[in-house]
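Please keep the sequence and the model at hand while reading.

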Amino acid sequence: MSTALGVLARFGAMIGLLLVNGVVLIYMLRKVLGRLHLRIGPNRVGPWGILQTINDVIKLLTKEDLRPDSADAWLFNIAPFLIFVPSFMAYIPLVFGPTLAVTSLDTGLLLAFALTSLVPLGVLMAGWSSNSKWSLLGGMRAAGLQIAYEVPLLLSALGPVMMAGSLDPVKIVAAQSGVWLGFIPRWFVLPQLIAFVVYAISSQAETQQTPFDMSEAESELITGFANEYGGMRFSFMYLAEFSNMFVVSAIGTMLFFGGWQLPWLATPAWLAPLVFMAKTYTGIFVMMWARGSLPRFRVDQMLSFCWKVLIPVSLAWVVLWACIQRLWPVVSVAVSR
Amino acid sequence: MPATRPADVLHACGIPFEASTEVLGEVVRLDVSLIADALAALEESGFDFLVDLFATDTGERLEVTWHLRAFAQRSDLYLKALVDYDGSAPSVWETYPAALYPEREAAELLGMTFTGHPNPKRLLTTDGTEPLLRKSVLIRTAEEVRRPS
Amino acid sequence: MTDEEHMGWQITSEGTQRPGPLPRGLRRIPRGVDELATEHLVLNMGPQHPSTHGVLHVLVELDGEEVIAAEASLGYLHRGIEKLAESRRYHQVPTLLDRADYLSGLHTETAWALTVEKLAGIEVPRKASWLRSLLMELNRYASHLVWIGTFGLDAGAMAPFLYIMRDREMILDVLEAITGSRMMFNYVRPGGVVADIPAGIDAKIREWLSHASGWLDENDALLGGNEIFRLRMNGTGVIDRTTALAFGMTGGCLRASGVDYDLRRDVPYCAYPELEFEVPTGQRGDNWDRYVVRVGEMRQCLRLIRQLLDGMPEGEFSSKRSRALKVPAGESYAAVESPRGELGIHLVSDGGLTPYRMRLRSPAYFNLAVVDEALAGGLIADAIVTLGSLDIVLGEIDR
Amino acid sequence: MALDRIAGEHSVVFIRSEQLFDLARANSLFYLSFGIACCAIEGLMSAGGPRFDYDRFGIFHRGSPRQTDVMIVAGTVNKKMAPVLRRLYDQMPEPKWVIAMGACASTGGPFREYPNVVLGVDTIVPVDIWVPGCPPRPESMQYAFTQLQDKIRAKTQERLDARDATR
C-alpha cells in the first residue's frame with residue numbers, strides 16, 4: 001500500500017515538475033531571447049512578467065478546438081499526445097539527488113533515449129494527418145533528421161557509460177564524485193570532451209532548436225508540423241518541445257557534469273536537487289543562446305553533417321575510448337615500473 | 001556617340017520608321033507589325049537591355065513604348081508603336097525575356113494582347129476586371145468612396 | 001523524351017504548348033509532370049507567409065524538397081498608383097509614390113521630381129540637390145538595414161533582425177526631424193525640397209555615424225562571419241550575367257552578377273557627380289555575392305553621408321514656383337539608383353494640371369521576374385533565401 | 001467551455017470563470033504576422049523591435065493563423081487579396097479580434113478611388129479596433145492593443161449588466 005502511494009506521489013510530483021518546468025522555460029525563453037535581442041521581454045503580467053506563460057496557457061486551453069475538415073481526425077487528435085507523453089515519461093530516469101528519483105532503473109539511460117526517440121513518430125503523424133503541404137514537409141523533415149541525429153546522440157553517451165560501467169543514471173552520477181589529481185572534479189566532460197561536443201550538437205538537433213529547427217523552420221514552413229494545430233493541442237506540442245529540452249539537458253548534466261554533485265564539496269541532500277536544476281538550466285540557457293543567434297542549416301547540409309561528420313567522429317571516439325580504457329591499467333602499471 | 005546608330009540599323013533592315021530627338025531622348029516611331037524585326041535587329045546591334053515596356057491610352061489608340069538601352073554605349077532608345085483598342089502587338093519575350101511581366105501587365109491593364117506570349121495570364125488583377133488604365137475607365141467619385149456613417 | 005525536348009514544356013492557362021528553342025538567359029520554364037511521371041507537389045508560397053516579404057505569391061513545384069519550377073503571381077497589393085497619379089496634381093503625386101516603395105520613399109520622390117524638372121525645365125538650387133542626396137543615402141542605409149534583417153530571418157537567424165532596429169530607429173529619428181514623418185516623407189518636390197534641415201540635425205547624424213560602422217561590422221560578423229550562413233549562401237541562387245541582363249535586373253542584384261553599372265556614377269544626378277564613392281561588384285551572382293555587394297554598398301553609404309555632411313552648401317533649398325505647377329506637353333524619363341536598382345519614372349504630359357500618364361519603372365518588378373529561373377534547381381530553403389536576396393518590395397512591384 | 005450550459009449564462013460561476021479567461025486572453029494576444037503593405041514595417045517590424053517591443057505586453061507573433069488571436073490588417077486590401085484575408089480570418093480559432101491598421105485598412109486610404117481597392121476591411125471581416133494614420137506609428141499600435149485589452153476585459157461588465165437586466 002505504502003509503495004503504491006509512494007509511486008503515485010512520485011508520479012504526481014513528476015507531472016507537477018513537468019508543468020512548472022514548461023511554464024518556466026517558456027517564460028525563460030522569451031526573457032532570454034528578449035535580452036539577447038536588445039529587448040526586455042514580457043514584463044507586464046505579474047512582477048517581471050512571471051505570470052505571462054500562465055496567461056498564455058489559460059488562453060490556449062480555452063481557445064476553440066479547431067480541426068481542419070480534410071484532416072485525418074483520429075491521427076490528428078492523437079498526435080499531440082504522442083509527442084507529449086514520451087517527453088513526459090522521459091523524466092522517469094532522471095536523478096535529482098542521492099535518493100531523489102521517480103524510480104531507479106538499471107537501464108534508465110536506455111529508457112530515456114528510447115522514449116525521446118518516439119517523438120519523431122508523433123511529429124510525422126501530426127504532419128501527415130494535418131493534410132497540409134507545409135505540415136507534411138515539416139513532418140517529413142523531422143522524421144528524417146531526428147532519426148539521423150539519434151545515432152550520434154546515443155553513441156556520444158557511450159563514453160561516460162563505459163567510464164561508469166553502468167547504464168544506471170544513479171551509478172553514472174555516483175561515479176563522478178571526488179577529484180582527479182587532487183583538484184580536478186571527476187566530471188566526465190574532461191576526458192569525454194569530444195563525446196560532449198557531439199552530444200551537445202545532436203541534442204540541439206534532437207530538440208529541434210535553431211540551427212537545426214528544420215521541422216518548424218519559421219521562415220520556410222511557417223510552423224512546420226504544428227501548422228494546423230491551435231489551442232490546447234498546440235500548447236501540448238509547445239510544452240513537449242520545452243520538456244524535451246529539459247530532458248536532454250538533464251541527461252547531459254548527468255552524463256558529463258556530475259549530476260547533482262557540487263565540485264570539490266560534499267553535497268547536502270537538500271541542496272542536491274537545486275544543484276541539479278541549476279546545472280540543467282545552464283545547459284538550457286546555452287541552447288536558447290544558440291537558438292537566438294545562429295542561422296539555420298539547410299536540410300541536406302544538416303543530414304550530411306550528421307552522417308559524414310558526427311557519426312564517424314562519435315564512432316571513432318567510442319572505439320578509441322574503449323582501447324584507452326582497456327589498455328590504461330597495463331600502461332599505468334608499465335609506467336609505474 | 002553610339003558606335004552603330006539605331007537609325008542605321010533599321011535602315012539596313014529596310015524597316016520604315018520616323019526618328020526624332022525629344023526631351024525624352026531618341027525616339028523611333030514605327031508600325032506595330034515591324035516591331036519584332038526592329039527589336040531583333042537592335043538587339044543584335046548592341047541594345048541588349050530592355051529597361052521598360054508599357055502602354056499609354058492616347059484617347060484614340062494605345063501607344064506601346066519599348067525602352068531599350070545599350071550598356072556598352074550608355075545610350076537609351078525609345079521605340080513607339082500605335083495599337084488599336086483590343087488590338088495586338090507581337091510579344092518580344094524571345095528577344096528580351098524582361099518583357100514577360102510588363103507585357104502581361106500592359107495586356108490586362110489596357111486591354112490588348114501580345115501575340116506569342118508564352119504565359120498570357122493576368123498578372124496583377126483578377127479575372128473579369130476591366131482594363132483599369134484606359135481613360136474610359138473612371139476612378140471612384142467622392143460619393144462612391146464615402147462610407148456610410 | 002530527351003531533356004532538351006522536354007525543357008520546352010510549360011503550363012499556361014490554355015494548356016501545354018511548346019514554344020521552341022529557349023531564348024538567351026533562360027534555362028528552363030515552368031512545366032508540369034516530368035518524364036518519370038512522378039507526381040510533383042505544387043506548393044503555394046504566400047500570401048501570408050512571413051518570409052515572402054509581403055504579399056508575393058509564388059507557385060513552386062516540388063520534387064521532394066527540390067524546386068522543379070517556380071512562378072510568381074503578383075497583384076495582391078495592386079492599388080493603382082499609376083492610375084491615381086493621373087488625377088493628382090504634380091505636387092500631390094509624391095504622396096502616392098512614397099507608398100509605392102515604402103522602404104525608400106525618398107528615392108521615388110526624387111525620381112518624380114527629376115522627371116518633372118526635366119520636362120518643365122526647372123532649375124534646382126545646389127543645396128536642394130545636396131539635401132536630396134543626403135536624405136537618399138540615409139534612406140538607402142535604412143532600407144538596406146531592413147534587407148539585412150529580413151535576409152537573416154530568411155536564413156533562420158533572429159538576432160540580426162532585431163539588431164538592425166537600433167540603427168534604423170536612429171535613422172528614422174533623423175528623417176523624422178527633417179521631413180516630419182518616419183516613412184511617408186513627402187519631402188522632395190519638383191524644384192527643390194519642402195524645408196531646410198533643422199538646426200542640430202548635423203550633430204545628430206554624426207552621433208549616429210559614430211556608431212554606425214561599428215554596428216554594421218557587428219551585424220556583418222553575426223551573419224557574414226557565420227559558417228552556417230556562408231554554407232547556405234555560397235553557390236545558391238546563381239543568376240549569371242546573361243540572365244541578369246536578359247531579365248532587366250538592375251541595382252545590387254545586377255552588380256552581384258558582375259555588371260559594373262550604377263546610375264549614381266554612370267548617369268549622375270543630384271550631388272553625386274561631386275562625391276567620391278566606389279561601386280562594389282560581385283562575380284558569380286549567387287546569394288553570397290548579393291550579400292557582399294549590399295554590405296559593401298552600406299559602407300559606401302556611410303562614406304557618402306560623411307562627404308555630404310561636410311560639403312553641404314549654403315543657399316536656397318527650393319526654387320520659387322507656383323502651387324499649380326504646369327508642365328509643357330511632352331514626355332520625359334528620369335531614373336535614380338534606389339536601394340533595389342534603377343527606379344525610373346516615365347511621365348507623359350498633355351500640358352494640363354495633372355499628368356497624362358505616369359509609369360513607374362520599378363526595379364524590384366524586373367528583379368523579381370528572374371525567380372522563375374533562379375529558384376529552379378535549388379531546395380525549398382534556397383528558394384526562400386534567394387527570394388530574400390532579391391530585396392523585393394511588393395508596394396512597388398504591384399504598384 | 002460548457003460551463004454556461006451546466007450552470008447557466010447568468011451564474012456567478014460562469015461569469016467569474018469567464019472573467020479569469022478574459023484576463024488571460026487580454027494579456028496574451030498572439031497576432032498573425034500578416035503584413036500587406038507599408039503598415040507592416042511600422043506595425044509589425046518596428047513594433048516588435050527593441051525600441052517598442054510588443055513582447056512586454058505578452059503580444060507575440062505567430063506565423064500560422066491557427067495559433068493566433070488577433071489579426072492586424074496592415075495595409076491596403078484589394079480585390080485579389082480580399083478572399084485570402086477572409087480565409088485567413090476563418091482559419092483563426094475563436095475568440096478572435098481584428099485590428100484595422102491605418103487608413104488603407106479602415107477606408108481604402110489614399111487609394112480608395114481606385115476601383116480595385118476594397119473600401120475598408122470591415123466589408124470583409126468584423127473589425128474591433130481602427131487605428132488612424134498612414135502609417136500609424138508603433139506607439140499608436142501599442143495604444144490600439146491596450147484598447148483591445150480593455151475591450152476584452154470589459155466583457156465581464158457586459159455579462160453582469162446582461163444578468164442584471166434579466167432580473
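Chain A and chain B share no contact, and their closest C-alpha atoms are 25 Å apart. The model is a predicted one, and among the five pairs of chains that do touch, chains B and C have the most contacts between them.

**Chains B and C**

- The contact between these two chains draws 38 residues from chain C and 28 residues from chain B.
- On the side of chain C that touches chain B, at least two residues each are supplied by strand 1 (10-12), helix 2 (81-85), helix 4 (105-120), helix 9 (241-246), strand 8 (330-338), strand 9 (341-349), strand 10 (357-361) and helix 13 (363-368) of chain C.
- Strand 8 of chain C provides the largest share of that side, namely four residues.
- Sorted by class, the side of chain C that touches chain B consists of 16 nonpolar, 13 polar and nine charged residues.

**Chains C and D**

- In this pair, 29 residues of chain D are in contact with 26 residues of chain C.
- Helix 3 (38-48) and helix 4 (82-91) of chain D are the elements that give two or more residues to the side of chain D that touches chain C, and helix 3 of chain D has the largest share, with five residues.
- The side of chain D that touches chain C is made up of 16 nonpolar, eight polar and five charged residues.

**The largest nonpolar core**

- The largest nonpolar core comprises 321 residues, and those with the most contacts inside it are Ile72(D), Val73(D), Ala74(D), Ile99(D) and Met101(D).
- The largest share of this core, however, comes from helix 10 (residues 231-256) of chain A, which contributes 16 residues.
- When neighbours within four places in sequence are left aside, Met101(D) is in contact with Cys39(D), Gly43(D), Ile72(D), Val73(D), Ala74(D), Val131(D), Pro136(D) and Met141(D).

**Chain C on its own**

- Chain C contains 16 helices and ten strands, and of its 399 residues 62% count as buried.
- Of the contacts in chain C with a separation of 6 or more, 70% are between residues 24 or more positions apart.
- Helix 5 (residues 126-154) of chain C packs against helix 15 (residues 380-389) of chain C at an angle of about 175 degrees, with the axes 9 Å apart; because angles over 145 degrees count as roughly antiparallel, helix 5 of chain C is described as roughly antiparallel to helix 15 of chain C.
- In this packing, Thr150(C), Phe151(C) and Asp154(C) of helix 5 meet Ile384(C), Val385(C), Gly388(C) and Ser389(C) of helix 15, and by class the contact has three nonpolar, three polar and one charged residues.

**Chain D on its own**

- Chain D has seven helices and five strands, which follow one another from the N terminus in the order α-α-β-α-β-β-α-β-α-β-α-α.
- Its C-alpha atoms fill a box of roughly 50 × 35 × 25 Å along the principal axes, and of the 167 residues of chain D 56% count as buried.
- Among the contacts of chain D between residues at least 6 apart in sequence, 76% join residues at least 24 apart.
- Helix 7 (residues 155-166) of chain D, with twelve residues, reaches 17 Å from its first C-alpha to its last, which is close to the 16 Å expected at 1.5 Å a residue.
- Of those twelve residues of helix 7 of chain D, the number buried is zero, so this helix lies largely in the open.

Key:
Residues numbered from 1 in each chain as written. Chains lettered and ligands numbered in written order. Predicted model: local features only at pLDDT ≥ 70, side-chain atom pairs only at ≥ 80, totals over all residues. Contact = placed C-beta atoms within 7 Å. Nonpolar A, V, L, I, M, F, W, Y, C, P; charged D, E, K, R; others polar. Core = buried A, V, L, I, M, F, W, Y, C linked by C-beta atoms within 7 Å. Buried ≥ 20, exposed ≤ 12 C-beta atoms within 10 Å, placed from the backbone. Expected span 1.5 Å × (residues − 1). Axes fitted to C-alpha atoms, helices over the stretch in contact; angles between N-to-C directions. Parallel < 35°, antiparallel > 145°, perpendicular 65-115°, else oblique.
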